[in-house]
Structures are given as C-alpha cells and as structure tokens.
Amino acid sequence: LVYTPVHGSGYVPVTTILKKIGVWVTLVPEQIVKDPDFSMYLSEGRAYGPHGQDLVIADSVVNYDDSLSRRLTDLTVKANLEVRELGFKPYIAPALSSGAISLLLTLTGDWNYSSVYLGKGPEGAFLGIKNRIRKDAVEIENLPLPEKLYARVLKAYRNLCLIN
C-alpha cells in the first residue's frame, strides 16, 4: 500500500493502524511532514475533479487562498504521479488513503469523495466531489464557493465534458 498523508495530517493514525493489522506501507516522504500553510485543509478543504491535470484542491472553502490552493494542488498531483510511478493508482488525491473508506461511507449514506455524474444524458461528465447517497438520489455538497475556486472547478468540469 502506498500512502500519501496530506502533509502529515493522517500520518500517525493511518500508519499506526495499518502496521497493527500487518499492512506494509510505502510512504511518499515529502507528504509526511506537516506544513502549517495547509492546516485549514482538514476542516475546510475540499478536492474536486479528476486525479490529474484538472484536479482542484482548495485549502479552504471558507477562507479560500487561490495561491495556496494552487500550491497544494500541484503538490497533490506530484504525489499522485509518484504513486503511479510505483505501480499503484491513487484513489482519492489528498482526502483519503483508500477507496475502501469511500465505499464504506457510501454504503452508510455518509459524506465521502467520489465521482458523480453531473449533467443530462451525454451532456455531462463525472466529477470528483463530496457527496452522499440519500434514499434513491445522490446529494452533492452544495456550498457557496469563492469565485476563483468556482472558476477552477467549472474549468475542470468543462474539460471533462470534452472527453465524452
């Protein structure tokens, strides 16, 4: 298992649990050390879009800092590429260490990060976004986003629509 903690945010609890259950972990060294610039991510941050080129990481949806968010996005994309070079595929960029966590949260109707189809018929695309299953529908997190963040997410979505 290759694990990339969000600049140290999940390093201790995740690696401790994995070691206890006998899972061998390879870490991305640059992601182990906590970076105080990204301290708001755990409580206010969000991830949008695909893993690669159009990934959008917001340091905070409350106090959005475009420069800091672009830096965090670049670091996340770099970490994802490093994981791929090791022969693995990252599940969800910085937010979670395993697709299993998203699956469990989906099954229990809790908020999680996964791809949701947005649009009608062929006029749309799957976009990674925080969501949950409610009865027979998917509820996406509906937050008022700062203009610069919204523009980045919209660009990612439109680029995904071009793939279809």
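Does E139 count as buried, exposed or partly exposed, and at what relative accessibility? E139 counts as partly exposed because its relative accessibility is 30%. The terms here are these: buried is under 20% relative accessible area, exposed is over 50%, and partly exposed is in between, with a 1.4 Å probe and protein chains only.

Before I go on, the basis. This is a predicted model, in which local features need pLDDT of at least 70 and side-chain atom pairs count only at pLDDT 80 or more, while totals for chains, interfaces and linings use all residues. Residues are numbered from 1 along each chain as its sequence is written, and side-chain values use heavy atoms, with hydrogens and water left out.

Back to E139. Its side chain meets that of R132 in a salt bridge, 2.8 Å from N to O. By salt bridge I mean a side-chain nitrogen of Lys or Arg within 4 Å of a carboxyl oxygen of Asp or Glu. R132 counts as buried, because its relative accessibility is 18%. E139 also forms a salt bridge with R134, where the closest N and O atoms are 3.7 Å apart. R134 is partly exposed, at 43% relative accessibility. Through shared partners, R132, R134 and E139 are joined into one network.

R132 sits in strand β6. Strands (E, at least two residues) and helices (H or I, at least four) are DSSP runs, numbered from the N terminus. Leaving out residues up to four places away in sequence, R132 touches G109, D110, W111, N112, A137, V138 and E139. Contact here means heavy atoms within 4.5 Å.

The structure holds five salt bridges. Another one of them joins R71 to D37, with the closest N and O atoms 2.9 Å apart. This pair links distant parts of the chain: R71 is in helix α3 (residues 66–85), D37 is in the loop between β2 (26–27) and α2 (41–44), and the two are 34 residues apart. R71 is partly exposed at 35% relative accessibility, and D37 is partly exposed at 40%.

Next, the sheet. Three strands form an open sheet in the order β5-β6-β7, with antiparallel pairing. Two strands pair if DSSP finds at least two bridges between them. β5 (112–120) and β7 (137–140) are the edge strands, each pairing on one side only. Neighbouring strands are turned by 65° against each other on average, direction ignored. For angles, axes are lines fitted to C-alpha atoms, for helices over the stretch in contact, and angles run from 0 to 180 degrees between N-to-C directions. Nine bridges join β5 to β6. S114, for example, has I129 as its bridge partner in β6. Helix α5 lies across β5 and β6, and runs at about 125° to β6.

That leaves the cores. A nonpolar core is a set of buried Ala, Val, Leu, Ile, Met, Phe, Trp, Tyr and Cys residues joined through side-chain atoms within 4.5 Å. The largest one has 14 residues, and Y48, V56, L127, L149 and V153 have the most contacts inside it. Two or more residues each come from β4 (56–58), β6 (123–134) and α5 (147–163). The largest share, five residues, is from α5. A second, separate core has eight residues, among them L55, L68, L72 and Y113.

Last, L127. Apart from neighbours within four places in sequence, L127 is in contact with G49, S114, S115, V116, L118, V153, Y157 and L160.
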